[in-house]
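Hello,

Here is the structure I promised to pass on. Please open it alongside this note; my findings follow below.

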Amino acid sequence: MNWLENFVRPKLQALVSRDHSDSAENKWRSCPNCAQMLFLNDLPKNLYLCQQCGHHLRMPAPARLESIFDSGFTNLPEVAVVEDPLKFRDKKRYLDRLKDSRAKMKCQDAVQSAFGTIAGEKAVAAVFDFRFMGGSMGSAAGSALVQAANKALSEQCGLIVFTSSGGARMQEGIISLMQLPRSIIATEMLQQAGLPYIVVLCDPTTGGVSASFAMLGDIHIAEPGATIGFAGRRVIEQTVRETLPEGFQQAEDLIDKGVIDMIVPREDIAARLGLLLHLMGGKARLLTENDDSSDHDDAAHNHSEDDGSGVEKSAPVVS
Amino acid sequence: MSQQLDFESHINALEARIRELRLSASEGEIDVADEIEKLSIKVETQLKQVYQKLTPWQKVEVSRHESRPHAQDYIDHLIQEYQPLAGDRAFAEDAAIVGGMGYFFGKPCMVIGHEKGRDTRGRIKHNFGMPRPEGFRKARRLIDLAGKFHLPVISFVDTAGAYPGLDAEARGQAEAIARSIQACIRVPSPFVAVITGEGGSGGAIAIAAADRLLMLEHAVYSVISPEGCASILWRDSSHRETAAKSLQITAQSLNELGITDEVISEPTGGAHRDHPATFRRVSNALKRHLNDLGAIPAEQLIEQRWQRYLKLNTA
């Protein structure tokens with residue numbers, strides 16, 4: 001990786017590929033980072049990573065659940081809530097916005113949850129889908145988090161939340177603000193039960209979501225390049241009347257600020273979660289590193305890895 | 001004369017006329033008592049009319065009125081032997097949040113609130129009531145202290161919101177707010193929050209996730225400012241009046257939604273016209289709710305507080 005790779009080539013590619021960005025029957029989209037054209041059908045198997053620059057594109061919730069769980073996980077049913085408590089309308093009725101999003105996404109709201117095993121460890125995962133009204137948190141998302149926490153309690157396992165949200169859902173007004181304490185109570189239930197609660201901060205995590213459950217994890221993992229913060233960039237720029245430094249509110253900067261524990265690339269996340277859950281479970285594990293006779297074919301490659309995830313079995317192949 | 005609101009300019013004119021008459025009366029030229037009396041009645045009637053029919057946006061303006069009583073005023077008039085506490089023990093003291101211990105009707109309590117500041121110097125000192133992370137961390141510290149000593153908590157909420165600045169972000173604004181809310185839902189003692197003016201989103205709920213939520217008659221409480229909402233959803237901040245209406249941010253709307261436990265009526269013409277009457281009303285309401293809560297064992301108190309949020313808007 002050098003300046004030519006990182007800067008010049010992407011820019012050149014952006015120039016070349018710009019004209020095609022809206023064509024080809026929507027089968028392609030361009031990488032927001034390097035503008036490389038990505039074939040939509042390939043995205044799921046590539047974990048929504050740009051094959052050119054490694055950029056982590058926002059990942060749909062179903063694909064996320066599929067990618068982190070071992071096979072055989074079960075989706076939690078979506079929770080019913082009182083819809084449109086304010087009878088809200090802006091340019092469009094909130095009910096119509098909901099209807100459109102549901103039709104397009106084939107799900108009820110922004111959070112989808114499942115129960116299963118992650119790299120062999122029992123866990124519940126709740127995943128925000130940014131495509132559903134910007135991943136905004138209203139009563140449905142809040143209820144999904146409470147439900148996921150309850151499931152973790154009844155299964156006596158950890159809870160992982162993948163966040164990707166602009167914040168509270170304005171169209172639900174004060175009801176959405178009330179999801180801040182509500183979601184924090186959900187994390188508090190795990191706290192009292194001594195169960196692991198891990199947050200994976202994905203792009204973007206801001207506003208009411210970051211100012212509640214998302215910042216109260218036992219462990220904070222971020223995806224590379226994720227924007228994480230409270231106030232939006234534009235609001236801050238208007239307040240301080242200066243342009244913000246490069247990398248502001250980005251995962252890579254926030255690790256220096258003490259906000260997150262680690263940045264984990266998407267392809268490693270399942271294995272890392274499994275390891276962390278096991279560590280927090282407090283049970284001893286026989287590590288192959290200590291096993292001199294090393295009779296497993298796949299054990300050797302762990303020694304060469306420098307990311308510290310010395311898992312006994314190789315990371316599950318995700319597709 | 002303090003800040004003037006557009007929709008009451010005709011009343012302000014009458015009030016100015018009364019002042020003029022009083023001045024000339026004091027110079028002993030003519031007897032104006034009758035005239036003053038007549039005008040005063042007119043002012044009273046018109047204030048009643050106007051304030052009964054305030055639109056949501058007009059309420060936003062009233063809630064932000066610079067002469068409304070602030071947290072420090074409530075503390076000074078309601079709390080005896082007040083001992084202000086300062087600092088987050090990690091980085092700094094943030095005067096956007098004030099708080100400390102004192103007696104409320106003879107009983108020790110912890111009191112916290114957003115302070116906007118009264119004059120230019122005050123406003124700068126208190127950062128216009130917009131806390132940075134150290135402010136929320138101080139709030140958390142004080143709420144935790146209250147829990148340790150089983151002191152009831154009173155909070156006065158009045159903020160445009162958490163400060164959106166580079167420094168605030170760098171020191172973990174989101175985490176500081178989250179921890180402050182966490183302290184609210186954890187504290188094993190009675191907790192009553194009063195929205196006295198502007199209840200601005202995360203910065204407000206950081207000290208308002210209480211057992212009881214009271215609101216002054218012309219206060220507002222919202223997930224986003226009407227201006228902010230308008231600029232996002234209508235792409236034009238001039239739609240703030242429509243946004244204010246749609247968001248249902250008035251005490252009356254929130255009471256209908258079941259968010260508040262009591263709306264405290266304000267003196268005619270708003271709290272900014274009569275501080276002493278406002279203090280009396282707030283004081284009475286607080287006393288009543290703290291008495292109710294005082295009878296509930298701590299464990300049950302927390303359970304009820306949790307259920308308040310957990311049950312909200314579930315089908």
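Start with B:Pro133. It counts as buried, because its relative accessibility is 0% and the cut-off for buried is under 20%. B:Pro133 sits in helix α6 of chain B, which covers residues 133–148. Beyond its sequence neighbours up to four places away, B:Pro133 touches B:Ala168, B:Arg171, B:Gly172, B:Gln173 and B:Ala176. Take B:Ala168: 35 residues separate it from B:Pro133 in sequence, yet the two C-alpha atoms are 6.0 Å apart. Please keep in mind that this is a predicted model.

Helix α6 of chain B also carries B:Lys138. That side chain forms a salt bridge with B:Glu93, with 3.0 Å between the closest N and O atoms. The pair links distant parts of the chain, since B:Glu93 lies in the loop between β1 and β2 of chain B, 45 residues from B:Lys138. Are the two partners buried or exposed? B:Lys138 is buried, at 1% relative accessibility. B:Glu93 is partly exposed, at 40%.

A second salt bridge in chain B joins B:Glu198 and B:Lys116, at 2.8 Å from N to O. This pair also links distant parts of the chain.

Over all chains, the structure holds 36 salt bridges. One in chain A is between A:Arg233 and A:Glu237, with the closest N and O atoms 3.9 Å apart. Those two residues are about one helical turn apart, because they are 4 residues apart in helix α8 (residues 233–240) of chain A. A:Arg233 is partly exposed at 39% relative accessible area. A:Glu237 is partly exposed too, at 25%.

Now chain A as a whole. It has 11 helices and 9 strands. Of its 319 residues, 52% count as buried. Among its contacts with a separation of 6 or more, 65% are between residues 24 or more positions apart. Chain A exposes about 14800 Å², and carbon and sulfur atoms supply 50% of that.

Next, the interface. The buried area between them is about 4200 Å², with 75% from carbon and sulfur atoms. On the chain B side, B:Leu166, B:Glu169 and B:Asn313 lose the most area, together 16% of what that side buries.

There is 1 salt bridge between the two chains. It pairs B:Arg186 with A:Glu188, at 2.3 Å from N to O. The chains also share 8 residue pairs in polar contact.

One more residue to look at is A:Ser143, in helix α4 (residues 139–155) of chain A. A:Ser143 is buried, with a relative accessible area of 4%. Leaving aside neighbours within four places in sequence, its contacts are A:Val79, A:Val81, A:Gln179, A:Arg182 and, from chain B, B:Thr314.

Best wishes

How values were computed. Residues are numbered from 1 along each chain as its sequence is written. Chains are lettered from A and ligands numbered from 1 in the order in which they are written. This is a predicted model: local features need pLDDT of at least 70, side-chain atom pairs count only at pLDDT 80 or more; totals for chains, interfaces and linings use all residues. Side-chain values use heavy atoms; hydrogens and water are left out. Buried means under 20% relative accessible area, exposed over 50%, partly exposed in between (1.4 Å probe, protein chains only). Contact means heavy atoms within 4.5 Å. Accessible areas come from the Shrake-Rupley method with a 1.4 Å probe; for residues, only the protein chains shown count as cover. Buried area is the accessible area (1.4 Å probe) that two parts lose on being put together, summed over both. A salt bridge is a side-chain nitrogen of Lys or Arg within 4 Å of a carboxyl oxygen of Asp or Glu. A polar contact is a pair of N or O atoms within 3.5 Å; within protein, one must be able to donate a hydrogen and the other to accept it, and residues adjacent in sequence count only if both atoms are side-chain atoms.
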